[in-house]
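Take a look at the fold before reading on.

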Amino acid sequence: MESTYDFLKHITAVYSIRIIYFVSVTKPRFPPLIIINENNPKLINPVKHLALGSILAVFFISHSIPPTTIQ
């Protein structure tokens, strides 16, 4: 059982080194196909809705938790 874990640790280390190498050392292998323009309202509005929903959810959740100390 111990040798299986050692093998998995080595495979994980080799894979991590491979990712670091390809990300930081080499040039991109493929040129970007599409230049992304993020000024489109169809892209911005869903992000705004998610942000607003997250803020409201945190507000309601934090206000619905009773205090842990009695004053």
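## Exposure and the model

A residue counts as buried under 20% relative accessible area, as exposed over 50%, and as partly exposed in between. Ile17 has a relative accessibility of 59%, so this residue counts as exposed. The model is predicted. Ile17 sits in helix H1, which covers residues 2-24.

How much of the protein is buried? Buried residues make up 0% of the 71 residues.

## Overall shape

The protein has 2 helices and 0 strands. Its radius of gyration is 24 Å, whereas the globule rule gives 11 Å for 71 residues, so the protein is more spread out than a compact globule. The C-alpha trace spans about 55 × 45 × 20 Å along its principal axes.

The accessible surface comes to about 7500 Å². Carbon and sulfur atoms account for 71% of that surface.

## The annotated span

A UniProt annotation, from an unreviewed entry, covers residues 15-69. The record names this span "domain: NADH dehydrogenase subunit 5 C-terminal". In the model, the span is 62% helix and 0% strand. Its end C-alpha atoms lie 49 Å apart.

## Helix H1 and its distances

Val14 also lies in helix H1. At 57% relative accessibility, Val14 counts as exposed.

The C-alpha atoms of Ile17 and Thr68 are separated by 46 Å. In the chain, Ile17 and Thr68 are 51 residues apart.

## Helix H2

Helix H2 runs over residues 41-64 and has 24 residues. From first C-alpha to last, H2 reaches 34 Å, close to the 34 Å expected at 1.5 Å a residue. H2 is hardly covered. The count of buried residues among its 24 residues is 0.

Which residue caps the N-terminal end of H2? The cap is Asn40. A side-chain oxygen of Asn40 lies 3.1 Å from the backbone nitrogen of Lys42.

## Aromatic pairs

A pair of aromatic rings is described by the distance of the centres and the angle of the planes. The protein has 2 aromatic pairs. Tyr21 and Phe22 form one of them, with 5.4 Å centre to centre and 70 degrees between the planes. This pair is edge-to-face. Phe59 and Phe60 also pair: their ring centres are 5.5 Å apart and their planes stand at 65 degrees, so this pair is edge-to-face too.

How exposed are these residues? Tyr21 has 42% relative accessibility and counts as partly exposed. Phe22, at 33%, is partly exposed as well. Phe59 has a relative accessible area of 41%, so Phe59 is partly exposed. Phe60 reaches 54%, so Phe60 is exposed.

Terms used:
Residues numbered from 1 in each chain as written. Predicted model: local features only at pLDDT ≥ 70, side-chain atom pairs only at ≥ 80, totals over all residues. Heavy atoms only, no water. UniProt positions renumbered as here; feature names shortened; annotations may be inferred. Helix = DSSP H or I, 4+ residues; strand = E, 2+ residues; numbered from the N terminus. Rg over C-alpha atoms; globule rule 2.2 N^0.38 Å. Buried < 20%, exposed > 50% of the residue type's maximum accessible area, 1.4 Å probe, protein only. Areas by Shrake-Rupley, 256 points an atom, 1.4 Å probe, with all protein chains shown as cover. Expected span 1.5 Å × (residues − 1). Polar contact = N/O pair within 3.5 Å; in protein donor to acceptor, adjacent residues only side chain to side chain. Phe/Tyr/Trp six-rings, centres within 6.5 Å; stacked < 30°, edge-to-face > 60°.
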